[in-house]
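Let's take a friendly walk through this protein chain. Please have the viewer open and follow along.

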Amino acid sequence: MSAAKVVSENYSIDKKLELDQLDPLFEVNENVTSEIFDRPNEELQFEEISPKIFGLKDVSEPLTIESLNNAIYELGVINLCWPEINEPVFETRTCFPKSYFINTNKERLLLAYAENFRRQFQFHYRSRRPLFLQAPNECGLQKMVCTSIRPTKLCYSDTTSWQGLSSLVSDYFDYEPLRKPMLHPERIISAYTAIVRRSGNPFELAHVLVSWLIGAGYDAYVVVGCAKRDVCMAIRYRTVCPEIPDESEVIDESPPSEEEPRYRLVPLPDLTSKYCKDMDRKEAEKQQAELNKIESERLKKIAELEKPPPDEIDGWRTHAWVLVLPGFKGVEEPFFIEPSEGNGYPISAPQYQQLDSIYNNENYYVNLQSCAEGLGSLNYDLNDLTCWEHLLAGEPFHRRQLVGIDCADKKTAFDTEKHLDVPTSWIEKLDITADEYEQRYPGSHKVIRYKKVLSEKFSPYSERDGVIKRIIIYEDYALSIPLLTYEWYKNRVDKMLTVKIDHLKREVREIFGIGRKDHLLKHIYSMDAPTTSVEGERTLEFNYYARLDHLTKLVCTALTFDEYYTDREDRLETRFITYTEGNKFDPKRQVKDIIETYSRNPDIPSKDDIWKKIFHTQENTIEILYHYDYNFVTNNTRFFIKPNLAETGGKILFYPDKTSGYIADPCTKPPRPLDVYYALCDNMESEHHSRKHIRDRESDITGYLKQRECELTEPVLFVGLFDTERNDAAKKGWQEQEAQKAEVTEREKDAEIDPLAPYLARMFGSGHGAGALTVKEATLVREQCLNDFRAKQLARQNLVQERFDKLNAEYKNKRLWYLANQFILTPEKESAYFALSAELAFQVHTLEVRLTRHRDLSSPRFKALEDYLDKHPLLKEFNRLRHYYRMK
């Protein structure tokens, strides 16, 4: 009772603990209501029952059966008298395998061994907490905790890594905190029942996760110890959400050149005052120090307000989590996994305060080290007996250190070092169906509240719009002012994958997958923009490689319309359109300027290669800029004033005074007037095509926006071809195919095979009816059938006998050859002989078994054929006469 005294002196827990309600979290200059903390799952409003052994007790209180049972439970005493359970019932389940309510002899031996170990450990370490070696299961039968782990390998793609398995456990189960936080659980249901219920306490969740981790090849253990209140109660609104996407841009900076430049410019002399520079630097540092001090005080105040309220039993809250040791699956360092969260933590994580013991399906290890300096200071080498006490001396076998034993003969070494091992788990296989794996959240929906973040997860096809995950980032702790929203989608016909909503900028960003008809990849638009109009701020990015026009990006605003192209044959790179604002006489916007840029064409001279076309539609002018020539700082230009086609009758007339240009090379001859006229005609036609293209593009974008509005208001989900549960067409076809197979099978059962059919067809043809045969005809048909059966059986026997004799002779010859040459054979030839000899011996034995079986079954088969013919309706007259003469 020394442990009880120590605890009672440090903590006065005479009555039920009335834990203070968590203080609301306030940020600087924030007004947060306390209604958000009215959450039973996070605010410790569970019924926590305080222990009685660890509290002060009145010695005058009479000893009752209830108090005695409570003492036995709190001390972890193993009951070696097993009750007889005939019809176990747990919640709504009544059918249990016998292993759930009956202990085998080996299990009873292990429990007795564990009780002896517990007594010795308690005698030597009186100040330690009682060991957790057993717990009643859902049927009320005590089971050793090591036998409650059933290694199982799941067959899904992301269940080969610990990240996928831990995420599956955290998503699949609802967390149930312990009712008695300082004690071990009163019962631990089997991991299979926990999977059926989809909920469990920390020990049950740890058993499931360790079973799956061991099945996947990890060296995993269940850890029994103490943790902080937030971990034990699964309180997460004080922690930062680990699932927020990292959108920081990664800038790849090229490493500086190691070669020194041959020529270097001499820097200009610095004529500024060094004293002024130094004074400015000191003033800036002083201001920055003041700002840093204010910021540090603000952050310190926030951290102080965010602190959880004091916990009266801090350091004594029992918890179970998972430890993964190195050596398997590429694990190099030991680490912890929290099953309720699905996250991995280093062994020095501060939320874990005490480690009492660890165990898996092979052995139980008790920690003998002090945890005063944190769990990161512990030695996790389980072979070190000064740090870990083993329940079973020689288990597991791969950790044994066989000293003075010849390991060449494994069987002898194993028998020499044979110890009591953990019996096979009594739990059913911990497998889940594909439908359960897909619908991994209880109720197809799970909500987790982090610090200023709300995380929602949905099962596929559970929501109408196909969303599978949503993360909302808020400005305040009350989760009332959203800042950012991230959404992930799956199985949508419109190929939408993710959506980011910026509530401050009022901007929406949609990301699409490959496969849309318009080849759209990204759509960024303002929430205030018109839904079906291009006169709003929006950006569209396309998969240019799959488009015929090689359009890469569209940027729309109220007065601009910009197009970006990549790898076009005409070398067009951009097209910028500027509009004029509408007025009361003409509310529609009108095209003001069109600017087109082209890349360099190396096949023509730069003086003739157009770089930029500027169409001033309002001013009725055209401006042409050509590419820069090598070693020139200016480029050729040409300016046109378009003729009025209404005055010229639609003909393009050339007026030299309405064109001007600049030639960068003074030695070049000026262009001919005919060439200038041709350039004017080409550019006027290009302007006409550009304006027509702009109208068509605006119509296309308007149609796309209408389609997007329909896709967002009435989303359609894609169903896979092989998803027979949701694909109605595939399901109907599969059902029809199964019905056809059933009909064929039924017809085959109804149609009886007649062995006389070939002989009747040979004698009378295929049209023979069901009439009885004469005695002569029946005698002939019957004898032919029996003679053919005898001949067939004899032919089979001769064929098998011939093969047997041939292989047996070859085997004997090989044996004689080996006996004659065994001393001169190389190791390679000898190993090849043994392999061939083993194969021949197997084949000879197989043929001998077939021959013996054929001989044994020939007589019964012949007798069965005779009995069938004696009852055949077509041989009725023959059988009657035969029976008559036999009776005489």
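This is a predicted model: local features need pLDDT of at least 70, side-chain atom pairs count only at pLDDT 80 or more; totals for chains, interfaces and linings use all residues.

The side chains of R516 and E711 meet in a salt bridge, with 3.5 Å from N to O. R516 sits in the loop between strand 17 (507–512) and strand 18 (520–526), while E711 belongs to helix 13 (residues 673–713), so this pair ties together parts that are 195 residues apart in sequence.

Helix 13 also holds R697, which pairs with E563 in strand 21 (residues 560–565), so parts 134 residues apart in sequence are tied together here. The salt bridge between R697 and E563 has an N to O distance of 3.0 Å. R697 counts as buried because its relative accessible area is 6%, under the 20% cut-off for that class. E563 is buried too, because its relative accessibility is 0%.

Next, look at E596 and R575, whose closest N and O atoms are 2.9 Å apart in a salt bridge. The pair links distant parts of the chain, with E596 in strand 23 (residues 590–598) and R575 in strand 22 (residues 572–580), 21 residues apart. E596 is buried because its relative accessibility is 1%, and R575 is buried because its value is 8%. Elsewhere, salt bridges that share partners join R492, D494, E510, R516, D518, R708 and E711 into one network. Over the whole structure, a search finds 49 salt bridges.

Now step back to the chain as a whole. It has 18 helices and 27 strands, and 40% of its 888 residues are buried. Of the contacts between residues at least 6 apart in sequence, 58% join residues at least 24 apart. The chain exposes about 52,800 Å², and carbon and sulfur atoms supply 54% of that area.

I72 lies in helix 2 (residues 65–75) and is partly exposed because its relative accessible area is 35%. Helix 2 also contains Y73, which is partly exposed because its value is 23%. Leaving aside residues up to four places away in sequence, Y73 touches K180, L183, H184, P185 and E186. From Y73 to E186 the sequence separation is 113 residues, yet their C-alpha atoms are 7.5 Å apart.

Finally, D431, D435, E436 and E725 form a negative surface patch. D431 is found in the loop between helix 10 (410–416) and helix 11 (434–438), and D431 counts as partly exposed because its relative accessibility is 35%.

Technical notes: Residues are numbered from 1 along each chain as its sequence is written. Side-chain values use heavy atoms; hydrogens and water are left out. Patches are made of residues with over 30% relative accessible area and no salt bridge: like charges are joined within 9 Å, nonpolar side chains (Val, Leu, Ile, Met, Phe, Trp, Tyr) within 5 Å. Accessible areas come from the Shrake-Rupley method with a 1.4 Å probe; for residues, only the protein chains shown count as cover. A salt bridge is a side-chain nitrogen of Lys or Arg within 4 Å of a carboxyl oxygen of Asp or Glu. Lys and Arg count as positive and Asp and Glu as negative; His and the chain ends are not counted. The place of a charge is taken as NZ of Lys, CZ of Arg, CG of Asp or CD of Glu. Helices (H or I, at least four residues) and strands (E, at least two) are DSSP runs, numbered from the N terminus. Buried means under 20% relative accessible area, exposed over 50%, partly exposed in between (1.4 Å probe, protein chains only). Contact means heavy atoms within 4.5 Å.
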